[in-house]
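This report covers helix packing, the nonpolar cores and a few individual residues. Please keep the sequence and the model in view while reading.

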Amino acid sequence: MAKLQVAIDLLTTEEALALAAKVAPYVDIIELGTPLIKNMGSSVITAMKNAHPDKLVFADLKTADAGELEADIAFKAGADLVTVMGAAGNATIIGAVKAAKAHGKGVVVDTIGYPDRVKRAQEVTELGVEFVELHAGLDEQWTAGYSIQVLIDEAARAGVPVSIAGGVNIDNITAVIKAGAQVAVAGAAIYGAEDPAAAAKALREAIDAV
Ligand SMILES: O=C(CO)[C@H](O)[C@H](O)COP(=O)(O)O
């Protein structure tokens with residue numbers, strides 16, 4: 001069964017915990033967004049894991065260097081998964097995987113901005129990462145002509161475990177899962193909804209119906 005990941009792109013621990021409390025029944029993975037971690041530090045990771053020990057806590061570090069060191073900080077704080085940029089060197093990804101193995105946790109590679117996301121996904125899977133995020137970031141999503149269909153097409157031909165992030169919503173989540181994504185990441189579709197719990201529930205039901 002595919003997983004639903006809520007991306008919490010809010011700015012304070014208080015707001016993040018309040019959102020997580022509403023949507024936790026419907027999600028498998030709680031992602032702490034990069035701006036949230038930059039604003040609050042690793043204490044937000046600890047606060048979220050303490051509040052939701054039964055969920056996978058995903059620290060979207062977007063590490064570009066010092067992979068082992070940065071991953072170790074997040075795992076010690078309570079993260080189950082951390083991200084490293086696909087554009088980083090393999091040594092950085094290998095370092096983060098080393099830290100993950102030491103803690104019994106995992107690394108996700110984020111392909112944001114990478115020219116050939118599928119090729120990089122296949123390469124880094126060999127390095128022992130959990131899965132690869134086929135990701136169009138917020139700036140790319142706001143570029144004229146953006147369509148999530150490009151990520152859906154990439155997932156269908158990746159042949160390795162992937163998630164999709166970049167505007168997942170109730171209108172496209174079925175196609176995201178049918179393309180083979182193991183994880184659907186939804187940020188604005190949940191935290192920007194008038195009723196985040198109802199939005200998360202609808203996404204969960206759409207996944208379960210595939
Ligand atoms: O990592 C991110 C941006 O860099 C977002 O969390 C990710 O893109 C998911 O959010 P949305 O569903 O709003 O695109």
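Helices α6 and α8 cross in a right-handed sense; a crossing is called right-handed if the near helix is turned clockwise from the far one by less than a right angle, and left-handed if anticlockwise. Helices and strands are DSSP runs numbered from the N terminus, with H or I over at least four residues for helices and E over at least two for strands.

The model is predicted, and local features need pLDDT of at least 70, side-chain atom pairs count only at pLDDT 80 or more, and totals for chains, interfaces and linings use all residues. Residues are numbered from 1 along each chain as its sequence is written, and side-chain values use heavy atoms, with hydrogens and water left out.

**Helix pairs**

The table lists the axis geometry of the helix pairs. Axes are lines fitted to C-alpha atoms, for helices over the stretch in contact, and angles run from 0 to 180 degrees between N-to-C directions.

| Helix pair | Axis separation | Crossing angle |
|---|---|---|
| α4 (residues 67-77) and α5 (residues 90-103) | within 7 Å | roughly 30 degrees |
| α6 (residues 117-125) and α8 (residues 149-158) | 10 Å | about 40 degrees |
| α1 (residues 13-23) and α3 (residues 43-51) | within 10 Å | roughly 25 degrees |

Angles under 35 degrees count as roughly parallel, over 145 as roughly antiparallel, 65 to 115 as roughly perpendicular and the rest as oblique.

The crossing of α1 past α3 is right-handed. T13, A16, L17 and A20 of α1 meet V44, A47, M48 and A51 of α3. This contact has 7 nonpolar residues, 1 polar residue and no charged residues.

For α4 and α5, the axes cross at roughly 30 degrees. That makes α4 roughly parallel to α5. The passage of α4 across α5 is right-handed. On α4 the contact uses G67, E68, A71, D72, F75 and K76, and on α5 it uses T92, G95, A96, K98, A99, A100 and H103. These residues divide into 5 nonpolar, 4 polar and 4 charged.

The accessibility classes used here are buried (under 20% relative accessible area), exposed (over 50%) and partly exposed (in between), with a 1.4 Å probe and protein chains only. T92, a residue of α5, is buried at a relative accessible area of 9%. Leaving out residues up to four places away in sequence, T92 touches T63, A64, D65, A66, G67 and V84. A91 also lies in α5, but A91 is exposed, with a relative accessible area of 62%.

A64 sits in the loop between β3 (56-63) and α4 and is exposed, at 53% relative accessible area. With residues up to four places away in sequence not counted, A64 touches A88 and T92.

Most residues other than glycine have a negative phi. K62, in strand β3, is not a glycine and has a positive phi of about 50 degrees; K62 is partly exposed at 25% relative accessibility. A66, in the loop between β3 and α4, also has a positive phi of about 50 degrees without being a glycine. The relative accessible area of A66 is 35%, which is partly exposed.

**Nonpolar cores**

A nonpolar core is a set of buried Ala, Val, Leu, Ile, Met, Phe, Trp, Tyr and Cys residues joined through side-chain atoms within 4.5 Å. The largest core has 63 residues, of which I8, I45, V82, I164, I173 and V176 touch the most other members. Helix α5 supplies the largest share of this core, 5 residues. I173 touches L4, V168, A184, L203, A206 and I207, with residues up to four places away in sequence not counted. A second, separate core of 9 residues includes F58, V108, V183 and V185.

Key
Contact = heavy atoms within 4.5 Å. Nonpolar A, V, L, I, M, F, W, Y, C, P; charged D, E, K, R; others polar.
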